[in-house]
Amino acid sequence: MTIIPEDHIEQSLEQSLDHCIKCNICMAACPVSAVTDLFPGPKYVGPQAQRFRHERQPSPDESVDYCSGCRVCNEVCPTGVRIAELNARARARMVAERGIPLRNRLISRSGLVGRLGAGPHAPLANALLSFKPLRTVIERTLGIAREAPLPAFSRYTFRSWFRRRHTPQATGGTPKRQVVYFHGCSANYYEPRIGKTVVAVLEHNGFEVLLPRQRCCGLPLLSNGDFAAARRAHEENVASLAPYALRNVPIVGASTSCTLTLKEEAPELLGMQSDPVRAVAQQTYDIFEFLRMLHDRGELRTDFRPIERTLPYHPPCQLRAHRIGRPALDVLELVPGLRLIETHASCCGIAGTYGLKVEKYRIGMDVGAPLFETVRRSGADMALCDSETCRWQISHGAGVIARHPIEILAEAYGLVI
Amino acid sequence: MRTTIVIGAGLSGLMGALALAEAGLRPLLLAKGQGATHWTAGTIDVWGVDEHSPRDALRALSEAHPHHPYALIGVQAVEEAIARFRALTEAARYPYTGGLESNVLLPTAAGALRPATLLPITMAAGDVRLGGEVLIAGFRELRDFYPPFIAANLAAQGIAARGVYLTVPPAFHRREYTAVTFARMFDDPAFRSDIGRQLRAQRGNASRIGLPAVLGLRDPLGVVVHLQNESGAQVFEIPTLPPSVPGMRLFALFQNAIEQAGGRLQIGSEVIRGEGQNRRLTTVWSEAAARQQEHRVERALLATGGIAGGGIRTDHAGIVRETALDLPVRAPANRAGWFAPRFLDPQGHAMYRSGVATDAYLRPLGADGEVVYENVAVAGATLAGTDTVRERSRSGVSLATGWAAGRILAGSMS
């Protein structure tokens, strides 16, 4: 792995080792080591194994590849050890030493996969990918679990819809406040309705939505250890987004993993610390974090229709890693009649691409079992979750529809998508 | 917006958040990580220095040490906190027994004896004054719990005891075991049936059986009853090294009760600074990805712990700081004053009594004796004026001051 000059983050990670007091709280909380012996647990693989990892020496421990990157260990650590970052960097070193398997190279390129599958030919691609014998062949040849929940490609991309749509006319007077929407691969290629909903909610609140060029945030690359490709992705995104960030135009996303990557994961894991990188990070918001901030300032429209429903809500790991609380709950509490019950399950098990892999599919399903059980016991026919891969996993594991909370908010506003 | 802020997720923060939530104030609890609950034995130790009943000790304290946190809030407040805590645990089917009349002596994982004022019912049969022969049973796979060692130390103190190892059934074999691994296994009826049969076979003349405190996370009372029925003896738990399963149970039942009452917990969010004016705290900031999260403050409860919990930090120069709000700390003026010459000095070490000084409303005081923030109350190990290690009062002080601080901030205690 190339050594990044003046990598302050590497130094802070090394220093954080000394904060580990071996209290085992992370071991008690880790959802992966709870269900498999293949991952000995965050304390061993993180702060303890790190003592034996040195430049120019072989990686001492392959089990770090079984870390799902859910960051529950970081969340619970009482002394601030950054275990998940230690593990991600250790995995990247293994990949740098041994190369990245074809399967991981493929599933970590969600933009490329999306471009291939989405479009008018999507029904064909979807039919093929739901054809069981083919999935078996894919599992044998590529190592993508045949049962794993793959999303369906969309017949059109969100960007094509955005370009073609009838833009609401400015109603004169003061210019509208602007906001950049970072849609991510999922809204663009799989679930354009999420993107359309985000645009509708932001416009309902008086914003002009901008859509600069963007590519995959790079998180799947980071979590598969392909740091070189992730760096290229982040450099391109920063080049496109920084001009807006430097003008204090907020960058809003509804995919909690994309926004986390822009805020923190890419800069920290890749050691990128330039002013444009920082500006983009500081201007990036999760959609509900942004709406909550508007409400705190008295600027959020609250013309909600009552929705008499009680629904389970799962705050995904990637949202919890923002350390901003539960913004979706804070905003949706304003909708009369709507009651959301937080699941308190640590992780759904998919962890991005982790649960797709044939050797990890079972682990992912076992990790998610308590969540699936909670959702099923709730009796509701729908669950809410901010992250797309988690929604697909919840639907797969619990057999209910899973929606983004922004869809409920749009419904409360009476917006037709 | 949630403007009632609790900082810290140990026992004091959780008790305070419960009081505030029940007063309808929808508190937001912010904490750096999972709190001291996971580090402690799970008993409530109100006072364990001498043979006095804790209630008598607290009354005497009010006279002799008026700045002690117990003296500041008064015995009545301690009683109220205990009553609320007992009701809470009973409602969660994990009742605590005991009270301020007398302490119970419980065996530790080293076979020593320690006093506890309130204890989960799963530990009640551990009271060494109950007499009869005790069987101590454990697992080779669970480190730091050695039944022969515990039994030998108990025997040396005149308590008839025998230590045996149990076998983990093959279907439950794992590569790594922690207390939590075992707790999850005990949640499985198949596992505890097997263990119950082994206990019956090993019981001999023992009337009571001590096991590591790993008897399930979901329904520990049910596990104890199951094991008693299978083994034919009374079963009790002995606290282990962290992570503490009894502490995790407490955290879970508090989290549930606080949320039911309208509160919210945000773990993994360290409060790193605060700002105020006109003797009122107006804003706190917690650490977050890319930028700090701002929280407007109507009232705040500070319960970040002491030096061990990270609420108070010292440095090589002898500076002692309170880490969240930078409140004034009452501490020896320099490092030379921290410790008594002897490690086991009967007077304790001055450093241990350092912390944030408060008035009777638990509001933080400056060096001049003036209130720093009128809308802040301080609770737990952050408080000055108590050497909780020597007094064996840590969890008692946390429970009582946490509850009192919450009630004071809610305006329901004068």
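This is a predicted model: local features need pLDDT of at least 70, side-chain atom pairs count only at pLDDT 80 or more; totals for chains, interfaces and linings use all residues.
Local features need pLDDT of at least 70, and side-chain atom pairs count only at pLDDT 80 or more, while totals for chains, interfaces and linings use all residues. Residues are numbered from 1 along each chain as its sequence is written, and chains are lettered from A and ligands numbered from 1 in the order in which they are written.

**View 1. Helix 12 against helix 22 in chain A.** Helix 12 spans residues 192–204 of chain A, and helix 22 spans residues 405–413. Helices here are DSSP runs (H or I, at least four residues), strands are E runs of at least two, and both are numbered from the N terminus. The two axes come within 9 Å and cross at roughly 45°. Axes are lines fitted to C-alpha atoms, for helices over the stretch in contact, and angles run from 0 to 180 degrees between N-to-C directions. Helix 12 of chain A and helix 22 of chain A are therefore oblique to each other. Angles under 35 degrees count as roughly parallel, over 145 as roughly antiparallel, 65 to 115 as roughly perpendicular, and the rest as oblique. The crossing of helix 12 of chain A past helix 22 of chain A is left-handed; that is, the near helix is turned anticlockwise from the far one by less than a right angle, whereas clockwise gives right-handed. Helix 12 of chain A contributes A:I194, A:T197, A:V198, A:A200, A:V201 and A:H204 to the contact, and helix 22 of chain A contributes A:I406, A:E407, A:L409, A:A410 and A:Y413. Contact means C-beta atoms, placed from the backbone, within 7 Å. Eight of the residues in this contact of helix 12 with helix 22 of chain A are nonpolar, two are polar and one is charged. In these classes Ala, Val, Leu, Ile, Met, Phe, Trp, Tyr, Cys and Pro are nonpolar, Asp, Glu, Lys and Arg are charged, and the others, Gly among them, are polar.

**View 2. The buried part of helix 17 in chain A.** Helix 17 covers residues 287–296 of chain A. Its buried residues are A:I287, A:F288, A:E289, A:F290, A:L291 and A:R292. Buried means 20 or more other C-beta atoms within 10 Å of the residue's own, exposed means 12 or fewer, and partly exposed lies in between, with C-beta atoms placed from the backbone. The cover over the buried residues of helix 17 of chain A includes helix 12, strand 3 (251–253), strand 4 (284–286), helix 19 (327–332) and helix 22. After helix 17 of chain A comes A:G298, with a positive phi near 75°.

**View 3. Helix 7 and helix 8 in chain B.** Helix 7 (residues 189–202) and helix 8 (residues 220–231) of chain B pack at about 40°, with axes 8 Å apart. That makes helix 7 of chain B oblique to helix 8 of chain B. Their crossing is right-handed. B:R192, B:S193, B:I195, B:G196, B:R197, B:L199 and B:R200 of helix 7 meet B:V223, B:H226, B:L227, B:E230 and B:S231 of helix 8. The contact of helix 7 with helix 8 of chain B has four nonpolar, four polar and four charged residues.

**View 4. Helix 1 and helix 11 in chain B.** The axes of helix 1 (residues 11–22) and helix 11 (residues 394–409) of chain B come within 7 Å and cross at roughly 30°. That makes helix 1 of chain B roughly parallel to helix 11 of chain B. Helix 1 of chain B passes helix 11 of chain B with a right-handed crossing. Among the contact residues are B:L14, B:A17 and B:L18 of helix 1 and B:L399, B:G402 and B:W403 of helix 11. The contact of helix 1 with helix 11 of chain B divides into 11 nonpolar, eight polar and one charged residue.

**View 5. Two loop residues.** A:P149 sits in the loop between helix 9 (132–142) and helix 10 (158–164) of chain A. A:P149 is partly exposed, with 18 other C-beta atoms within 10 Å. Leaving aside neighbours within four places in sequence, A:P149 contacts A:W392, A:Q393, A:S395 and A:H396. B:H68 lies in the loop between helix 2 (54–64) and helix 3 (69–73) of chain B. B:H68 is buried, with 21 other C-beta atoms within 10 Å. B:H68 and B:T386 are 318 residues apart along the chain, yet their C-alpha atoms are separated by 5.8 Å.

Methods:
Two residues are in contact if their C-beta atoms, placed from the backbone, lie within 7 Å.
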